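Please look over the model shown here alongside the numbered points that follow.

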Amino acid sequence: MEPTASQKANMEEPIKMYIPEIMKKKHQIILKANQPQDMEQGLDLSKSFDKKEAVVMQNIDEDEIFPPEINTNIFCTRKTEGDKKSKTGLIKMRSLDLARESPMHGKSLCHARSFSSHFLINIDKKMSDNHDNEKGALISKTSSGKIEIFSYNSSSSISDDVTLENSQKKNNILELKASCPMDQEDQDSCRWRRIQIEPTLRIRLKFQDVKYTVALKGVRNSDAEKCILQGVSGSACPGEILALMGPSGGGKTTLLKLLSGKVKNDSGMITFNDQPYDKSLKQRIGFVLQDDVVFPHLTVKETLTYAALLRLPNTLSKEQKKERAIKVINELGLERCQDTIIGGAFVRGISGGERKRVCIGNEILLNPSLLFLDEPTSGLDSTTALRIVQMLHNIARAGKTVVTTIHQPSSRLFSRFDKLILLGQGSSLYFGKASEAMLYFSSIGCSPLIAMNPAEFLIDLANGNITDKSVPSDLEDKLLVENYHFKSQCEGPSPADVHEYFVGAYESRVANIEKVKLLNQHLIEEDSEVQSWTYSRDSGATWYQQFSILFSRSLKERSHEHFSSVRITQVVATAIIVGLLWWHSDTSSPKRVSDQASNAGLLFFISVFWAFMPLFTAIFTFPQERAMLVKERSVNMYKLSAYFIARITTDLLLDLVLPVTFLMIVYFMVGLKLTFPAFSLTLLTILLSVIAAQGLGLAIGAAFMDVKKATTFASVTLMTFMLAGGFFVQEVPAFMLWVRYVSINYHTYRLLLKIQFNSLRSSKYGSVDSGGVEVGAMLVMIIGYRMLAYFLLRKMKPRTST
């Protein structure tokens, strides 16, 4: 109901009377319409008001807060401790980005800074006709057009209402803290906790004087070494993001791999809750590579579902594992693209930011206590990178320790980091709070002379570049002593001098203090049920389950390659050309020697073609999947035997479809022996050739793990087999006779001659009296080549980059 004129006058009168007192007391005003529960959460942010700044209401104009007739110029006086001068200024109602924002809901809450007690104006009660005329109201018009008021008694003091309101809100805050453990500020951190399959083991990471050296290759002196890291120290606690920042080649990735246990530590101390690294800790660590290692033809949902089925413990049912994958998809904001293939360099799929989130989702499925990421924002735009870092911030607030390398973040990304290690040429130039890095370098005399992104400023210092920056007086004096031409020639200090100065300044001012802090840190008190990681989690899946899951995954991934339009066109076109060239040849009883030679040439071509195709297809199998195999095997996702058998079984089924199609076209166009036994034996012989050639290709690929080297070796091998196949050369020298017995073409060709010319006891192009030896040799090659490939895979070592 519309208020009457007298009611409006009664509402406006107490407002005019109390506005001067409000401004005099300088109380904090927090306005938040239609969100009573979010206002209670906003109070928890008040403890972060360490900055002496005035923060005003967001998206609310002055006319919407005060009636127009009393909207005059209002001045606030702000006093700073330690300075007796009072500063007066007009505070304009505008939006400031000092309130935390939830990326999932986009809700924000702004605050006003005051040195007196904070109070909250409750504007969540709707205006009603039953209000007493003796009460006034402070009207706040929200953007939705709703009018909400805060009622108070005109005879009582506003400070009494503030005290009462504060006491009520404190109780609500305690209830909020009880519902969201560890006193987190964001609702997202609570959601991350709710999807955990077990309580998170909070692990504090500490490392001190970490050094790492590598031997130089190609140097005459065999003892020559290169120092990658030189005594780096630091720590990261649960709920924090530690950023490792520095130029390329500064040792960021090497330090990250040392901390995660992927590279063995040479020197220094690395502890997890004051305990050294142990293999059982591997299950508590998630590592996201800089390159997105995913299968391009699988969808987002399939990728995370297969990872959940393989990695989650057996105590969960299959449906629970799938539900866990869906929850992670929702929390990562991947709902809209969950049915889209991921894509890659040659396949169009999801965006780069979404692909990075899928990689992160693969690691957080298992609820790791420590999450390591190698440059997660590389190649992404600033907005997408900010979303990734904000997501990491929420993950950390859920009780995890997050360590990430970063190359050159934007200023918004930089503000999300809790701690920072600045590396330059493997040495620490700074370790501490990220927000205090600029103050530290200013304290040693190096400040930007122009407006500059803090991250850009720090990267320049790590590179020894002090252009547009003040030169520290100590460094300038040192250069003047060593080089008296320094000032006269207007020469700046060299990068080596700058680097040496900053390393020395850090060692003398900060390093010793930080080392003492590391030694004095105590183990985090945890619940008894998650106080140790010495026990190992249940295995993700049994061997048979691993085989069935990997078989299904390989079938979906590889079917795109085996049944691509290009490949089908190649096989069908070749079959038609062969059929036209040998159209209705009388192969059963050739009347002339030329007819016999022509028909033998057809059979030899078939043996060569179906050795060439599967051989060069199988060569690419393991080199292309090397990164994925190393990544998944490093976290014990499955046994190598389960992967290998599932892989060869998948390829076996997929590779047998096209040969059948090829033979159906050629056999009847050419007019080969038109009997069912002859057709069946011919098909069986070609399939044996395909399977044997496939095994040889797997062995060559596993031996080299390099596509160029493998294809070169395979070309020479196949050419040798073809020349010794019995068609071009009938009499082979004795010392080269062994080549025939290992040649796939030789045995396939002899079997085809036996099937098609069984009425002839001998032929100019080979003896066809028996086929048992050829079949036995093919079976030996089928098993032998695959066993060789398996043992070569077991000896494969992951590549480590420093």
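**Notes on the model**

1. Met705 lies in the loop that joins helix H23 (676-704) to helix H24 (707-723), where helices (H or I, at least four residues) and strands (E, at least two) are DSSP runs numbered from the N terminus. Although Met705 is not a glycine, its phi is positive, at about 50°. Met705 is buried, with a relative accessible area of 6%; buried means under 20% relative accessible area, exposed over 50% and partly exposed in between (1.4 Å probe, protein chains only).

2. This is a predicted model, in which local features need pLDDT of at least 70 and side-chain atom pairs count only at pLDDT 80 or more, while totals for chains, interfaces and linings use all residues. Residues are numbered from 1 along each chain as its sequence is written, and side-chain values use heavy atoms, with hydrogens and water left out.

3. Asn636, in the loop between helix H20 (626-634) and helix H21 (640-655), is likewise not a glycine and has a positive phi of about 55°. Asn636 is exposed, its relative accessible area being 52%. Most residues other than glycine have a negative phi.

4. In strand E11 (residues 285-288), Ile285 and Phe287 on one side and Gly286 and Val288 on the other are all buried, which leaves both faces covered. E11 pairs with strand E12 (residues 370-374) in the parallel sense over 4 bridges, pairing requiring that DSSP finds at least two bridges between two strands. Val288 stands opposite Leu373 in E12.

5. The unreviewed UniProt entry lists several spans as "transmembrane region", among them 644-670 and 775-793; such positions are given in the numbering used here, feature names are shortened, and annotations may be inferred rather than shown by experiment. Residues 644-670 are 96% helix and 0% strand, with end C-alpha atoms 39 Å apart. Residues 775-793 are 100% helix and 0% strand, with end C-alpha atoms 28 Å apart.
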